Protein chains: 2
Amino acid sequence: MSSNIKALLFDVFGTVVDWRSSLIANFTKWGKAKGIDGDWTALVDGWRQAYMPSMDEVRKHPERGFVILDTLQRQSIEPLCAKLGIKGLKPEDYDYLTRGWHSLDPWPDSVSGLTRMKKKFIIGPLSNGNVALLTNMAKAAGLPWDLVLSAEIFGHYKPDAETYLGSAKILGLAPEQVMLVAAHNNDLAAAQSYGLKTAFVARPTEYGPHQVRDFEPDGKWDFVGRDFNDLAGQLGC
Amino acid sequence: MSSNIKALLFDVFGTVVDWRSSLIANFTKWGKAKGIDGDWTALVDGWRQAYMPSMDEVRKHPERGFVILDTLQRQSIEPLCAKLGIKGLKPEDYDYLTRGWHSLDPWPDSVSGLTRMKKKFIIGPLSNGNVALLTNMAKAAGLPWDLVLSAEIFGHYKPDAETYLGSAKILGLAPEQVMLVAAHNNDLAAAQSYGLKTAFVARPTEYGPHQVRDFEPDGKWDFVGRDFNDLAGQLGC
């Protein structure tokens, strides 16, 4: 079943890295060192909530041009801090917080599983994160990508067709030779609708106590793995 | 001097891989197995001569849209075979020859030098080869890129400004934080004119007996290395 698959592309935030725990730990430590008081958990959860609407604005208004995720995150953090009563932040502090998305810890199985899958397949992210973010994250976390594919390269955010079909095209592959690996059923549904293969790996603690979905696969995905090593085994790696 | 440099980008054909020897060996063996007679050395040399004019056509006519290198190579190989009297090739044979550019042997110092430089810098190709070509080549040759940057991503061939400045921008870096490593003085001159740092490594056998230039650095480059390991040492890797 996997014999025709040549490339595995990975959703990143939540699928490969634990953005929530990483950012909360980073900002809590940083706030303490800077003497800045704040509910950093509320900040991280609120920031993530602003993520989809800010990308949807870009998707709805292509005439305004594509805006990378770093810029969207930087735009949403200032009003969010104001709303949460986090005071005394300078522009460079907002830059620091935004840059936090460049260094997120992988799930415990991510690096070992990716390293196994890399032996048999081309592996890369297919993420709404921009290229610099994904590259810096890979360096910090040791993610052994063969190449970095990003919404930025296609000028479109997932779930636009251009990201899934553009990934296959830029790799010189047919859509069915590319498999998306994700912890999010809606991402897989979009990929499948454009002819890509799909693999689901649950990350039930991604949103902490706020997780309301993606505990289980809810589509007919080609593979369902307990984690990346389990998936690697199923793929014969 | 290298303290501010964050990313090293590499010209690929000639700088990282020995395209000429690789292709001659590949096609000679293949022709023998297929029973197809031909002067494969003349074919490879002629093909490389068609390379710059075919890209220049794309550069001169942006209104026609960007055409990837695989397509240009596929277009130039048929008339070249006809000219050289290489007969009996089917479409899939031309495809095979074109695909030859996806698997080229690295110079003996390339992988070890890149592996050292990767520890301290973001490393990637910045090549006129398309993304699939560069990705497949890296898998076959073990080139440990962090990401793949290609003319295809920028919709422009080197030496257009968009490739050098686009590389810095997509990495979230200033031009002077990026260094181009190349065996070709003209590539370095273009990169330097846009504010990138530059490193020259001579590959005096790249063109075999036809090599007429690039035996020595002919500009004020930031670094000149005997090979990639020598350059790695100079960069403190």
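This is a predicted model: local features need pLDDT of at least 70, side-chain atom pairs count only at pLDDT 80 or more; totals for chains, interfaces and linings use all residues.
Chain A holds an open sheet of six strands. Their order is 3-2-1-4-5-6, and the pairing is parallel. Strands of a sheet pair through backbone hydrogen bonds, either parallel or antiparallel.

Two strands of chain A sit at the edges: strand 3 (149-150) and strand 6 (223-225). Each pairs on one side only.

## Strand 1 and its neighbours

Strand 1 of chain A covers residues 7-10. Strand 1 pairs in the parallel sense with strand 2 (residues 122-127) of chain A, over four bridges. Here A:F10 stands opposite A:P125. Four bridges also join strand 1 to strand 4 of chain A, again in parallel. On this side, A:A7 stands opposite A:V178.

Which way do the residues of strand 1 point? A:A7 and A:L9 point one way, while A:L8 and A:F10 point the other way. All are buried. In a regular strand the side chains alternate between the two faces of the sheet.

## Strands 4 and 5

Strand 4 (residues 178-182) of chain A runs parallel to strand 5 (residues 197-201) of chain A. Four bridges pair them. The bridge partner of A:A182 is A:F200 in strand 5.

## Where chain A meets chain B

In chain A, 14 residues are in contact with 14 residues of chain B. Helix 6 (131-141) and helix 7 (151-154) of chain A each supply at least two residues of chain A's side. Helix 6 gives the largest share, five residues.

What classes of residue make up the side of chain A that touches chain B? There are nine nonpolar, two polar and three charged residues.

How values were computed:
Residues are numbered from 1 along each chain as its sequence is written. Chains are lettered from A and ligands numbered from 1 in the order in which they are written. Two strands pair if DSSP finds at least two bridges between them. Two residues are in contact if their C-beta atoms, placed from the backbone, lie within 7 Å. Ala, Val, Leu, Ile, Met, Phe, Trp, Tyr, Cys and Pro count as nonpolar, Asp, Glu, Lys and Arg as charged, and the others, Gly among them, as polar. A residue is buried if 20 or more other C-beta atoms lie within 10 Å of its own, exposed if 12 or fewer, and partly exposed in between; C-beta atoms are placed from the backbone.
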